[in-house]
Each structure stands twice: as C-alpha cells, then as structure tokens.
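I opened the notebook to go through one chain, element by element. The entries below follow the order in which I looked things up.

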Amino acid sequence: MKPKLIRSAATVILAMSLSATAISQDSLSKKDVDTRIDSALYDVTDVAAKVFNGGNEEGCCRLFEGGLRAVLPFLDNRPELKKRTEDKLARAKNLLPLGDRAMLLRDAVDDIRSTIRKERGSKPGIPPVPVKSLWDRLGDEKGVRAMIKDMMKLEATDPKVNFTRDGKLKPTPESRAKLEQKLVEFISAGTGGKLIYAGKDMKTAHAGMGITNDEFNALAAIMTKVMKDHKVAPADINEMGKIVESLRKDVVEEKPKPAPMPTIPPVPTIPPVPEKSLWDRLGGEEAVKKVVHDFVATAAKNPKVNFTRNGKYKLDDMDVVKLEKNARRSGERQNRRAEKVHGQ
C-alpha cells in the first residue's frame with residue numbers, strides 16, 4: 001500500500017472510531033447515526049477500491065472488514081441486516097482468491113448503505129470508485145485483444161514455442177482469428193470479464209499436442225513481455241502469471257524423464273593365485289635333494305627292493321651320487337613343465 005493510501009486508510013479508521021464514540025454517547029439521533037454510518041462506509045469503499053486497483057487485494061479486504069466490524073454494533077435496530085452482514089463476514093474469513101473475498105465484503109458494505117438510504121428515502125449521492133476486476137485492469141476487451149495479437153505474432157516466430165507443432169499445424173488467417181477470439185474469451189472468463197468462453201477445457205483442447213515444459217515456459221515468457229510492453233501493472237502481471245501457471249498441469253504432456261540408471265563400478269579383476277608345482281610343494285631343490293638321498297640310501301639297504309638286481313649292479317659312493325643327481329634333474333624338468341602350464 002502506498003504511503004498516501006496508508007494515510008487515507010488511517011483517516012477513515014479514525015473517522016469511524018470518532019463516529020462510534022459519538023453514537024455510544026447517545027448524543028445523535030437515529031438519522032444522524034445512519035448518516036455517519038453511510039458516510040464512513042463510503043470513505044472506506046473509496047479508499048479500499050484504490051488499494052485494490054493498486055494491486056493490494058489483501059489490504060482492500062482488511063479495510064472492508066475493519067469498516068464492517070466497526071459499524072456492526074450499531075445495526076441492532078436492523079437485525080436482518082446485521083445477520084446478513086455477519087454471515088458475509090463469516091463466509092469471507094477463509095475465502096480465496098482474495099479478489100473474491102474483497103467482492104463479497106464490498107457487497108456487504110453496499111448492502112448496509114443501500115438499506116439505510118432506502119429507509120431514509122435518500123439518493124445514493126456520488127458513487128465510490130468501483131473495484132476493478134483484473135479484466136478491467138488489463139484494459140477490458142480492447143486491451144486484452146491487443147495483447148493477444150502481439151503474443152500470437154511472437155509465438156509464431158519463436159522456435160522455442162513450436163507454434164506449428166513441428167509443421168503439423170498449418171495456421172490460416174481464419175484459424176488464427178478463431179484462436180484469437182477463443183483466447184480473449186478464455187481470459188475474460190478467468191479475470192472477471194463479461195465475455196463467455198464456450199470452448200473446450202484446456203486439457204481436452206491440448207490433448208495429443210505433446211507440449212513440453214520448456215515450450216510452456218517460452219509461451220509464459222512471451223506473455224509476460226507483452227504485458228510489460230503494454231504497461232500492465234507489476235501486480236497484475238503477477239496475478240495473470242499465477243493464472244497461467246495453474247494451467248500447466250492441463251496443457252503440458254511431457255512425460256517425466258526416467259531417472260538415470262545407477263552406475264555400477266566394474267568388479268575389479270583379482271588375479272588368480274598361482275598354483276604351486278609339486279616341486280615347490282616338496283620344498284624345492286634342497287628338500288628334494290635330501291628326500292632323494294634318504295630314498296636311495298634306504299632303498300639300497302632294503303633286500304625287498306632288490307636295488308642291485310641280484311648283484312648285477314655294483315653301486316659305489318660315486319654311483320649313488322650320480323643316481324641322486326639324475327633323480328633331482330628329472331624332478332626339475334617336471335617342475336619347469338608345470339610352471340609353463342600354470343603361467344608362472
């Protein structure tokens with residue numbers, strides 16, 4: 001709320017408080033009380049309308065509600081009017097959007113003033129500044145149509161919007177004029193205008209077109225640019241943006257992108273443990289040498305082995321050494337072949 005309007009609102013509330021004090025002192029006649037109520041509510045409506053048209057719907061609601069609650073105790077002599085006022089205050093408490101709440105509270109104020117004037121047989125006097133709808137603030141049909149024309153020109157040349165749906169649509173002057181009219185009527189229906197929209201709902205109208213979120217965003221950006229170019233108030237641009245955003249779920253058909261599959265790191269290759277040869281498992285050369293030595297010595301002494309083949313072979317110490325050496329060499333050759341097989 002601008003400082004000037006804040007001061008005006010404060011003046012109205014103060015004036016109503018003073019009126020209430022005077023009434024409570026029973027110093028005024030019923031006619032004087034009615035006159036003050038009518039005058040105070042006129043001032044409230046005048047300021048609240050300016051606040052609303054300035055884009056502050058919440059401030060407008062607070063002014064209307066404060067004015068109504070200030071005069072409510074002085075409607076005891078009009079129980080039906082008081083009951084209607086209380087009902088509207090209760091309905092407005094959680095009513096959204098704020099524009100609808102403001103209109104309901106304004107209706108309660110007008111009801112009090114018109115009832116008082118009717119009973120007094122007086123004329124309404126100078127009407128307060130009317131509360132404008134978003135449609136009116138956008139410039140009525142003339143202003144909205146001008147913006148729609150500019151939007152359609154930009155959409156047709158912006159590849160991000162994909163106006164022709166990859167060339168599948170072939171707009172003609174007639175189809176463009178029809179689309180323009182439908183858009184004007186649709187905005188009228190959503191912003192408080194008088195034009196009636198009788199077309200398809202948004203989900204049905206855009207079914208199968210495959211509009212993506214990026215394309216929807218590009219269209220919304222064009223709409224915002226055009227409204228700025230036409231000097232629309234920032235608060236009204238913001239309100240219109242909320243209306244457009246509410247249509248996203250019905251217009252966009254983009255399938256959600258699947259979540260990327262988690263990357264599984266490759267299992268590290270574990271080199272196989274080399275299998276030891278029998279040579280190594282026997283303990284290598286030193287161990288085999290000892291085994292062969294013990295084997296030859298033991299076998300030579302055992303008559304069951306018949307190591308000398310009934311005395312045909314005479315083994316001296318040198319022969320034993322040579323036999324042991326040959327046995328070890330045979331074992332080494334077997335070991336080398338085993339190493340090749342196992343990749344050692």
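**Helix 11 and its two sides**

I began with the outward side of helix 11: the exposed residues Pro234 and Lys242 sit on the face turned away from its buried side. This is a predicted model, and I read every value below as computed from it.

Which residues of helix 11 are buried? I noted Asp236, Ile237, Met240 and Val244. Viewed down the helix axis, these buried residues stay within an arc of 100°, so they line one face of helix 11. An α-helix has 3.6 residues a turn, so residues three or four places apart point the same way. I then looked up what the buried residues of helix 11 pack against, and found helix 6 (134–137), helix 8, helix 10 and helix 12 (248–251). I also checked the length: the 12 residues of helix 11 should span 16 Å at 1.5 Å a residue, and the end C-alpha atoms are 16 Å apart, which agrees.

**The chain overall**

I counted 15 helices and zero strands. Of the 344 residues in the chain, 31% are buried. For contacts with a separation of 6 or more, I noted that 71% are between residues 24 or more positions apart.

**Largest pocket**

I put the space in the largest pocket at about 1,200 Å³. It is lined by 37 residues, and those closest to its centre are Phe163, Leu179, Leu183, His206 and Met209. Which helix gives the largest share of this lining? Helix 8 does, with nine residues. I listed the helices that each supply at least two lining residues: helix 7 (140–157), helix 8 (173–191), helix 9 (202–205), helix 10 (213–229) and helix 11 (234–245). Sorted by class, the pocket lining has 23 nonpolar, six polar and eight charged residues.

**Largest cavity**

I found two cavities of 30 Å³ or more. The largest cavity holds about 80 Å³ of space. Its lining consists of Leu138, Val144, Met147, Ile148, Met151, Ile187, Met223, Met227 and Met240. Met240 was already in my notes as a buried residue of helix 11. Helix 7 and helix 10 each supply at least two residues of this lining, and helix 7 has the largest share, with four. By class I recorded nine nonpolar residues, no polar ones and no charged ones.

Just after helix 2, Gly55 takes a positive phi of about 100°.

I stopped at Asp38, which belongs to helix 2 (residues 30–53).

I located Glu58 in helix 3 (residues 57–71). Glu58 is partly exposed, at a relative accessible area of 41%. From Glu58 to Ala48 I noted 10 residues in sequence and 9.9 Å in space, C-alpha to C-alpha.

Lys82 is in helix 4 (residues 79–92). Lys82 and Ala108 are 26 residues apart in sequence, with 9.9 Å between their C-alpha atoms. Neighbours within four places in sequence aside, Lys82 is in contact with Leu72, Leu75 and Asp76.

**Backbone entries**

Most residues other than glycine have a negative phi, and most peptide bonds are trans. I therefore wrote down the exceptions I came across.

The peptide bond from Leu96 to Pro97 is cis, with omega near 0°. Pro97 lies in the loop between helix 4 and helix 5 (98–120).

Where is Asn162 found? I placed Asn162 in the loop between helix 7 and helix 8. Asn162 has a positive phi of about 60° although it is not a glycine, and it is buried at 13% relative accessible area. Arg165 is also in the loop between helix 7 and helix 8. Its phi is near 55°, a positive value in a residue other than glycine, and I counted Arg165 as buried at 10% relative accessibility.

Notes. Residues numbered from 1 in each chain as written. Predicted model: local features only at pLDDT ≥ 70, side-chain atom pairs only at ≥ 80, totals over all residues. Heavy atoms only, no water. 1 Å grid on protein atoms, 1.4 Å probe; cavity = no way out; pocket = protein on both sides within 12 Å on 5 of 7 lines; lining within 4 Å. Points joined across faces, edges and corners; volume = space filled by probe spheres on them. Nonpolar A, V, L, I, M, F, W, Y, C, P; charged D, E, K, R; others polar. Expected span 1.5 Å × (residues − 1). Buried < 20%, exposed > 50% of the residue type's maximum accessible area, 1.4 Å probe, protein only. Arc of directions from axis to C-beta. Contact = heavy atoms within 4.5 Å.
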